[in-house]
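Open the model in your viewer and keep the selection tool at hand. Each stop below gives something to select and then says what is there.

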Amino acid sequence: MKYQNDLAFARQLDEQDPLRDFRNRFLLPQHNGEDAVYLCGNSLGLQPASAQQYLADQLANWKNLAVEGWFQGNDPWLNYHKSLTGSIARIVGAQENEVAVMNSLTVNLHLLMVSFYKPDNKRFKIIMEGGAFPSDQYAMESQVRFHGYDPKDAIIEIFPREGELTLSTEDILNVIDQNKNELALVLFGGINYYTGQFFDLKAITDAAHEAGAYAGFDLAHAAGNVSVQLHDWGVDFACWCSYKYMNSGPGGISGIFVHEKHFTDKELNRFAGWWGYRRDKQFLMAPGFDPEVGAAGWQVSTAPILLLALFKASMAIFDDAGGLDVLRKKSLRLTAYLEFLIHEINKQQEEEVYSIITPADPAARGCQLSVVCKRNARVIFNYLSQNGVIGDWREPDVIRLSPVPLYNTFEDVYKAARLMADALKAI
Ligand SMILES: *Cc1c(COP(=O)(O)O)cnc(C)c1O
């Protein structure tokens, strides 16, 4: 599509957008009495307008039914978590029994590593992307130490080639192959939080399996953003948070994927708790852990109903929107429009002031563009904030901007770019 750098054009794209009404289902933060230009869904998705009601319903159940709320009411708490697995399974390309909604992300990463990182003297290495989100680095280092290994020996990070900003799939596959005799696990982000690079999860999974290792992914920045097919790609396990692209609120509930091929594997360790016990016998309170078959068997603690209620408000919107493919179609255009407008700004300057480090290939990115500001980066970011554009800042000079198809408009993108151009004149 040929884009134009003017407001009327942006508004025309909005009029043609089949998802345009979904913006009304979210509460937008205000700036000087108007909707802010919110491009920070990669960090915290917006509040669904229905969230309060979902929460109020469960508070009312608690008030009116008290403990009976586990078994009574129109959505008894005992099975409340199960009412979410269909929606999230569709989002991550899984069978319903391969997903469970539970805990928070880093906790789930640890629980899954308990099962899928079982180093021995021959196979003890983990391959991950260099510059992964710190929590993932800390989790992996501490897991490695827990098993008695030194992270320096056991963790291999892959960095971009000299002069490049993102990873080449070829390099990833080569490093996997080179370490095949000692490799226990390949654990990658789905989308790198800093660069916005969307990795080739299928190719990485195939290479890990070829090397005799497991393949797992942290989909914090991928789930609800790009289409993934965890089941069909044969991914062993994955986890994600739901407060970024899935709008479940700060610290919202996380989720896991475990491929069905592992359901009957008795060799896998797991840290058990009663909520993962087989459902038909859970309340017999018998000694000896007998897990529920499926990802549900990885649950540990009583489901946090209030967090689940918030997540449910959001999943209803995803379901109504018609699935990730519909969202992705708009997302590709929104992000391409932002990219086009940034290139237009650069053309007016002597040098490329705004350098996009996210891959130019749409298949290798999601909503997010990470923009390096070559001069006055922090001042530019402050200028945007003061004028109602909410993006996010990463040291030393990166602004991440993520137009989200459920609630952002082409006009939002136009306004943000307009202010990025104005900022250069104003400072
Ligand atoms: C956001 C994010 C986290 C945060 O983990 P929490 O346990 O939810 O605090 C971890 N890893 C990645 C890759 C992230 O993007």
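This is a predicted model: local features need pLDDT of at least 70, side-chain atom pairs count only at pLDDT 80 or more; totals for chains, interfaces and linings use all residues.

**Stop 1: the ligand shell**

Select the ligand and the residues around it: L105, T106, F133, D136, D218, A220, H221, Y243 and K244. What classes make up this shell? Four residues are nonpolar, two are polar and three are charged.

**Stop 2**

Show the side chain of D136. One of its polar atoms lies 2.6 Å from a nitrogen atom of the ligand. Now turn to Y243. An N or O atom in the Y243 side chain is 2.5 Å from an oxygen atom of the ligand.

**Stop 2: α4 against α5**

Select α4, residues 105-116, and α5, residues 134-146. These helices pack at an angle of about 30 degrees, with axes 10 Å apart. Their crossing is right-handed. On the α4 side, pick T106, L109, H110, M113 and V114. On the α5 side, pick S135, D136, A139, M140, S142 and Q143. This contact has five nonpolar residues, five polar and one charged. T106 and D136 also belong to the residues around the ligand.

**Stop 3: the loop with N247**

Go to the loop between β11 (237-240) and β12 (255-258), and select N247 there. Most residues other than glycine have a negative phi. N247 has a positive one, near 55 degrees.

**Stop 4: the loop with P396**

Finish between β16 (392-394) and β17 (398-401), in the loop that holds P396. Is the peptide bond joining E395 and P396 cis or trans? That bond is cis, with omega about 0 degrees. Most peptide bonds are trans.

Note on methods:
Residues are numbered from 1 along each chain as its sequence is written. Side-chain values use heavy atoms; hydrogens and water are left out. Axes are lines fitted to C-alpha atoms, for helices over the stretch in contact, and angles run from 0 to 180 degrees between N-to-C directions. Helices (H or I, at least four residues) and strands (E, at least two) are DSSP runs, numbered from the N terminus. A crossing is left-handed if the near helix is turned anticlockwise from the far one by less than a right angle, and right-handed if clockwise. Contact means heavy atoms within 4.5 Å. Ala, Val, Leu, Ile, Met, Phe, Trp, Tyr, Cys and Pro count as nonpolar, Asp, Glu, Lys and Arg as charged, and the others, Gly among them, as polar. A residue is near a molecule or strand if one of its heavy atoms lies within 4 Å of it. A polar contact is a pair of N or O atoms within 3.5 Å; within protein, one must be able to donate a hydrogen and the other to accept it, and residues adjacent in sequence count only if both atoms are side-chain atoms.
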